[in-house]
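Keep the structure open while you read.

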Amino acid sequence: MMASTTQSLERQRSLWEFLREELRPKGPLLTPFNIISIPVILVGLVLVVIRFARGLGSVTNLNQAYPWGLWIGFDVMTGVAFAGGAYIITFTVHVLHAEKYHPIVRATVLNGFLSYLFYAGALTLDLGRPWHIINPIIGNKFGYNSILFLVAWHFLLYMASEFLEFSPVVAEWLNLEAARRFLNRMTLGVVIFGVTLSSLHQSGLGALFLFSKPKLHPLWYTEFLPVLFLVSSIFAGISMIIFEGTISHRVFADQIDPEHHHTFEDIVFGLAKGAAVSMYVYLFVKFVIFVHGQHWDYLGTKWGAWFLVEVLIFTLVPCALFTHGHRERRMGLIRWAAVMTLVGIILNRLNVSMIAFNWNNPATYVPSIPEIWITFMVVFCEIWVFRWVVLRMPVLREKPGPRPA
Amino acid sequence: MDRREFLGLAGAATALAATGTAAASGSTGTSAGAPEFVGILVDTTRCIGCRQCEVACAEAHGLPVPDPRTDEALAEHRDTTTTQWTVVNRFDTDRGEVFVKKQCMHCGQPACAAACPTNAMEKTHEGPIIWHGDRCMGCRYCMVACPFDIPKFEYMSPNPRIQKCIMCHDRLQEGKLPACVEACPMDALTFGTKRELMEEARTRIYNHPDDYVHHIYGEFEAGGTDWLYLAAVPFDQIGFRTDLGSDTYPDYTREFLYAVPLVFLGFPPLLYGLSELTRRREGGEE
């Protein structure tokens, strides 16, 4: 009795010491990333204080005609599409049992979870009355008919399911074997729930703009916006995995054993094919919508040219590059394709939410410097937490390696 | 003239009766029979641009009161703001100057309320669309959704509100007319139920076919609005959007919302089935 109490006390103390040890910074402090990101984050926090003290208008260029700006168009719309990799990969590995992609599940889920946490979390900065954010959740007033109500709930539930998907890694890190086994058993159920939620809210973000028929340029407005948003989230997510993975494999090279470096190449070639196929589907749907909408006359306008930049240069070209890169097994082409695809997704989401929005309205909106600054702050914060986790938990490491001393 | 007063009083009485019943029964909030929305008919052929409606609106809601004699506000086309819930604009047309009052149209099935995730924008049983500050989280989706760009947000406030015309919902409950209707010296504004206003508008067109274009703006626009407009010139010449279509706004998202429960019920068994079909014999839990 006494012994067991002492033992558990000891275990508690050691866990506590372990956590304290883990909280300490690791690695050199003066890296280029730190030198850039620390000032950005510190100044960004000051801007956030100003925003809450003096209103949204004090730091943003939002106006009555443009109630949604960069924080929605980029942080939420684009950020969530980029985070789509998590539902694609968990679907591929846990539902379809394509074991080849197993090594990237943890990093992808972590990246997806943190993206939702930070980019969708940045939504609270954009809310005018964030202290009422619980209203749609606790349900004193449910706006059942609202797409945004649906999206809000799905964000919340999906964040929870992504955390559960990642939780075995946390348990492994804390050496909680029983918890890890229990959480692992939940994985398939949580993944199925997460994929269902993702397909609904990825398309739901597009459905938000179904109301914008009088405001959004006809080349972008279609009743199939939800379908386009869903399909494009597939290749957006895949491109982000390739982009993030390529960087991670350089920055965290010491975390990964050489064998895995080799499998990663193979994984990327598979991903490239997946991206290309989903892009063909997307372009086909886009083409049918375009023909059906009979908007040929708009192609001659500056809006038409801008539309073609998005669809041809930043969707069709990377699609071809993915295809070619996959066939010829040329890593360089695939990396370029991934970057171009990401740019194309940014263009598409910003076009729908900001640029081609209000095309027929003389009002204008250009993001302010503080808006851009805070967006960078959010991205950097996410990278900080990502790095913190990767350096401590078995995310990139194949096997639960020895605890870092 | 007599008819207008009768309509106004009858409408206010209806509104009062409706709220009275709601308070008494405390449940459904509708009186016996189908609820009828009240609205206001604007006859732009009668408006002289005196802007007494703007003054009355500002006074009724504690907003900065404009001075129509000196402020030269008609020189340019104005939008409503957080502190000006209604504005009158002057348009030069083939048939001379036309003055048009602008404010919330109080749609029958409003986009703002369909968009709102917290029901902060509420289409009341009487017709006016009002905003509840204790529910709103300031997402501004109502502003994105509104085809008339009416809800206005207080960007310079740490505790911002959505501001717009509420058709004097508070005054209606006291049995009074909306402030602008009461203030109008030209009878350009008529208060009543939408059914009564439609009859009145059709009657005016029928009796004076040369004085009006034969269209009542708001009868079908955006699914129908409780504010209705009559004009002597085509509506696109006096600042109205004529491309809004007649679909109600909830229709735009209905199909998507119907698909949600299907996906929620259909996907999990499908995914689970897929997982079982592709499971390898020796594949354990990892």
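Helix 9 and helix 10 of chain A cross in a right-handed way. Keep in mind that what you are looking at is a predicted model. Helix 9 of chain A covers residues 177-207, helix 10 of chain A covers residues 225-251, and they pack at an angle of about 130 degrees with their axes 7 Å apart. Because of that angle, helix 9 of chain A counts as oblique to helix 10 of chain A.

Which residues actually meet here? From helix 9 of chain A come A:Ser199, A:Gln202, A:Ser203, A:Gly204, A:Leu205, A:Gly206 and A:Ala207. From helix 10 of chain A come A:Leu225, A:Pro226, A:Val227, A:Leu228, A:Phe229, A:Leu230 and A:Ser233. Sort the residues of this contact by class and you get eight nonpolar, six polar and no charged.

Chain A has other helix pairs to look at. Helix 3 (residues 70-82) of chain A packs against helix 14 (residues 369-390) of chain A at an angle of about 20 degrees, and their axes are 10 Å apart. The angle is under 35 degrees, so helix 3 of chain A is roughly parallel to helix 14 of chain A. This crossing, too, is described as right-handed. On the helix 3 side of chain A, the contact is made by A:Leu70, A:Trp71, A:Phe74 and A:Asp75, while helix 14 of chain A brings A:Glu371, A:Ile372, A:Thr375 and A:Val378. By class, that is five nonpolar, one polar and two charged residues.

Then there is helix 11 (residues 258-293) of chain A with helix 13 (residues 331-355) of chain A, where the angle is about 50 degrees and the axes lie 11 Å apart. With that angle, helix 11 of chain A is therefore oblique to helix 13 of chain A. Their crossing is left-handed. A:Glu265, A:Val268, A:Ala272 and A:Ala275 of helix 11 of chain A make the contact with A:Met331, A:Ile334, A:Ala337 and A:Thr341 of helix 13 of chain A. Those residues divide into six nonpolar, one polar and one charged.

Here are the helix pairs side by side:

| Helix pair | Angle | Axis distance |
|---|---|---|
| Helix 9 and helix 10 of chain A | about 130 degrees | 7 Å |
| Helix 3 and helix 14 of chain A | about 20 degrees | 10 Å |
| Helix 11 and helix 13 of chain A | about 50 degrees | 11 Å |

Now over to chain B and its strands. Three strands of chain B form an open sheet in the order 8-1-9, and the pairing is mixed. Which strands sit at the edges? Strand 8 (189-193) and strand 9 (227-230) of chain B do, each pairing on one side only. On average, neighbouring strands of this sheet are turned by 25 degrees against each other, direction ignored. Strand 1 (residues 38-43) of chain B pairs with strand 8 of chain B in the antiparallel sense over five bridges.

Strand 2 (residues 87-93) and strand 3 (residues 96-102) of chain B pair in the antiparallel sense over seven bridges.

How do the chains touch? In all, 50 residues of chain B are in contact with 47 residues of chain A. Helix 3 (111-115), helix 4 (141-145), strand 6 (152-153) and helix 8 (249-278) of chain B each supply at least two residues of the side that touches chain A. The largest share, 16 residues, comes from helix 8 of chain B. That side of chain B divides into 32 nonpolar, eight polar and ten charged residues.

Finally, the confidence scores. The model scores ipTM 0.90 and pTM 0.89. Chain A averages a pLDDT of 90, with 94% of the residues scoring at least 70. Over residues 400-405 of chain A, though, the pLDDT is below 50, and this stretch has four contacts in the model beyond near neighbours in sequence. For chain B the mean pLDDT is 87, and 86% of its residues reach 70 or more. Residues 1-32 of chain B stay under 50, and the model has 44 contacts for them beyond four places in sequence.

Methods: Residues are numbered from 1 along each chain as its sequence is written. Chains are lettered from A and ligands numbered from 1 in the order in which they are written. This is a predicted model: local features need pLDDT of at least 70, side-chain atom pairs count only at pLDDT 80 or more; totals for chains, interfaces and linings use all residues. Two residues are in contact if their C-beta atoms, placed from the backbone, lie within 7 Å. Helices (H or I, at least four residues) and strands (E, at least two) are DSSP runs, numbered from the N terminus. Ala, Val, Leu, Ile, Met, Phe, Trp, Tyr, Cys and Pro count as nonpolar, Asp, Glu, Lys and Arg as charged, and the others, Gly among them, as polar. pLDDT is the predictor's confidence in each residue, from 0 to 100. Axes are lines fitted to C-alpha atoms, for helices over the stretch in contact, and angles run from 0 to 180 degrees between N-to-C directions. Angles under 35 degrees count as roughly parallel, over 145 as roughly antiparallel, 65 to 115 as roughly perpendicular and the rest as oblique. A crossing is left-handed if the near helix is turned anticlockwise from the far one by less than a right angle, and right-handed if clockwise. Two strands pair if DSSP finds at least two bridges between them.
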